Amino acid sequence: MPRCPLFPRAAVLGAACLLALVTAAPTAGAAPAFGPLPPHNPYTGPQGTATMHGDTGSSDATPLPGPGAGSLTSRRVALQSACPTVLVGSDGYPVALCTPILGQVPTVHLLDPGTGASLAELPFAKGSLLGGVYAYLDDQDQLVAVDGDRTLLRIAHRRTASGGWELYVARSLSLRQAVPDGDAVTGLSPDWQGRVWFATGGGVVGTADDRTGAVHALSLPEGERVDNSISTAPAGAAVATTHATYLLTAAEDGTPGVAWRRPYDRGPARKPGQLSRGTGSTPTFFGPRTGTDYVTVVDNAAPTENLLVYRTDTGAQVCSVPVLKAGGSGSENSPIGTGSSVFVASTYGYPYPALPDDAGTSSPASADFKGGLSRVDVRADESGCDLKWDNTVRSSAVPRLSTADGLIHTIVRTPVVPFTNTTSILDSFSYAEIDPATGRTVRTRYLGTSSLFDTLQMVGSIAPGGVIYQGTVTGVVRIANG
């Protein structure tokens with residue numbers, strides 16, 4: 001059925017639907033001991049830069065440090081597109097998946113690592129939903145995505161005879177036998193056997209092996225949608241529908257099956273700043289022993305939502321903790337998970353320019369964007385979890401934690417009217433570093449004013465060398481030291 005073409009739910013509503021202040025350097029002290037990260041998937045690119053959420057476990061944590069102390073610079077790269085996905089391969093070249101404001105055809109850009117400028121671009125078939133938006137880099141630095149024709153693509157880049165660059169489809173596999181007409185893939189992630197797990201908006205989950213051509217799928221219960229991406233770990237694939245969280249496993253031939261299912265409180269209605277009635281989370285694997293001991297999502301309980309933590313092996317619930325109490329209690333973002341800690345950012349009241357056709361009315365009808373960021377720690381004996389701090393940071397991007405520098409990196413939105421929570425097209429946007437031990441903002445750097453810089457809850461990617469690539473509704477902002 002027709003829908004507004006959206007970007008990743010854990011990150012944005014895209015441009016297809018829209019038409020130096022520097023404070024003191026970080027004083028966070030010794031970096032907290034976070035980790036371990038989820039194990040590196042051998043079928044993806046580098047840890048921290050291979051997927052939108054850093055790794056296939058969607059930890060939103062990275063082993064790479066941010067820009068570090070010193071003066072910061074930023075450069076806006078205008079691509080006339082919203083760019084929610086910026087990944088960096090082992091060769092150091094960023095690859096961005098964007099949707100132009102005009103035409104709305106998903107387009108891959110190969111970026112210059114020195115400037116962020118586009119070196120080559122490749123459009124592919126436009127989808128009716130989220131197809132062709134979520135993607136990851138494989139172990140050959142190829143972008144893996146599903147286009148609007150329900151075809152799994154591996155897009156590579158190479159030098160041309162004239163010395164320039166080109167993007168091309170290295171391999172493809174049709175998923176039409178598994179994905180019905182009118183449906184589209186919303187998330188995909190590889191498993192530890194090299195198969196690609198995928199999930200559709202209509203609730204079909206499956207595996208595809210483009211080495212053999214094998215595709216296997218199952219349908220989740222009627223009425224359950226998958227409006228976020230999915231995550232994979234050695235134990236299986238985590239999928240959050242609009243009703244429940246699942247762990248799925250695959251038989252030797254790739255046939256998927258449900259290991260466990262846990263329903264959650266989906267609330268009485270969609271909240272303002274959310275895109276559907278249900279969790280806004282891409283499920284996050286995290287844990288203090290293996291990096292995937294637990295799976296976490298937020299529910300949609302009203303008036304205060306809860307962070308839910310489950311054991312990965314059994315699905316047993318470890319805790320349900322109210323979060324985002326200081327600001328707005330609603331989120332469309334994937335949580336950060338590392339070690340025993342989880343961080344949740346609020347999107348309650350965020351001014352998306354348009355909503356999916358079937359989003360439904362929100363309750364209340366509208367709200368200010370108050371912001372909010374919460375930290376929850378799982379107790380060592382698994383007897384429950386504790387809210388460590390809760391604040392009103394107005395994060396306008398999906399935050400990312402660096403285990404190397406011990407800081408949370410994000411973008412904050414400042415209202416044009418001081419001391420209010422109102423939003424307008426004249427708001428300002430700044431890069432921010434936050435101490436995860438206290439929730440205190442330790443450094444900011446002004447990026448720009450107006451909707452040209454709106455990060456619309458997209459994810460920033462920390463590249464080698466401390467460079468941050470942050471998608472906006474009009475392109476990419478490149479943030480670096482010096």
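Reader: Why is Asp210 called buried?
Author: Its relative accessible area is 9%. Buried means under 20%, exposed means over 50%, and partly exposed is in between, with a 1.4 Å probe and protein chains only. Asp210 is under the 20% cut-off, so the word buried applies.

Reader: What kind of model is this, and how are its residues numbered?
Author: The model is predicted: local features need pLDDT of at least 70, side-chain atom pairs count only at pLDDT 80 or more, and totals for chains, interfaces and linings use all residues. Residues are numbered from 1 along each chain as its sequence is written, and side-chain values use heavy atoms, with hydrogens and water left out.

Reader: What makes Arg154 and Asp210 a salt bridge?
Author: Their closest N and O atoms are 2.5 Å apart. A salt bridge needs a side-chain nitrogen of Lys or Arg within 4 Å of a carboxyl oxygen of Asp or Glu. Arg154 lies in strand E9, and Asp210 lies in the loop between strand E13 (204-209) and strand E14 (214-219), so the bridge ties together parts 56 residues apart in sequence. Arg154 is buried too, at 5% relative accessible area.

Reader: What are the places of Glu224 and Arg261, and how do you know that they form a salt bridge?
Author: The closest N and O atoms of Glu224 and Arg261 are 2.7 Å apart, which counts as a salt bridge. Glu224 sits in the loop between E14 and strand E15 (231-233), and Arg261 sits in strand E18 (residues 256-263). The pair therefore ties together parts 37 residues apart. Glu224 is buried, at 5%. Arg261 has 31%, so it is partly exposed.

Reader: Are Arg150 and Asp181 buried or exposed, and what links them?
Author: Arg150 is buried, with a relative accessible area of 12%. Asp181 has 66% and counts as exposed. Their side chains meet in a salt bridge of 2.9 Å, N to O. The pair links distant parts of the chain, 31 residues apart. Arg150 is in the loop between strand E8 (143-146) and strand E9 (151-159). Asp181 is in the loop between strand E10 (165-174) and strand E11 (185-190).

Reader: How many salt bridges are there, and which residues are linked in a network?
Author: A search of the whole structure finds 19. Arg289, Asp293, Arg311, Asp313 and Glu382 are linked in a network of salt bridges.

Reader: What is the secondary structure of the chain?
Author: It comes to zero helices and 34 strands. Both are DSSP runs numbered from the N terminus: helices are H or I with at least four residues, and strands are E with at least two. Of the 482 residues, 63% count as buried. The C-alpha atoms fill a box of roughly 60 × 55 × 40 Å along the principal axes.

Reader: Why is E13 called mostly covered?
Author: Six of its six residues are buried. Val204, Gly206 and Ala208 point one way, while Val205, Thr207 and Asp209 point the other way.

Reader: How do you know that E13 pairs with E12 and with E14?
Author: Two strands pair if DSSP finds at least two bridges between them. Strand E12 (residues 196-200) and E13 have four bridges, in the antiparallel sense. E13 and E14 have six, also antiparallel. Both counts meet the cut-off, so both are pairs. Ala199 has Val205 in E13 as its bridge partner. Thr207 has His216 in E14.

Reader: Which residues in these hairpins take a positive phi?
Author: Gly203 does, at about 95 degrees, in the turn of the E12 and E13 hairpin, which has three residues between the strands. Gly213 also does, near 90 degrees, in the hairpin of E13 and E14, with four residues between the strands.

Reader: What makes E1 and E31 edge strands?
Author: They belong to an open sheet of five strands with mixed pairing, in the order E1-E28-E29-E30-E31. Strand E1 (61-62) and strand E31 (441-449) each have a single partner strand, so one side of each has no neighbour in the sheet. E1 runs parallel to strand E28 (residues 400-402), joined by two bridges. Thr62 stands opposite Ser402 there.

Reader: Where is Ile425, and why is it called exposed?
Author: Ile425 is in the loop between strand E29 (407-414) and strand E30 (428-434). Its relative accessible area is 62%, over the cut-off for exposed, so the word applies.
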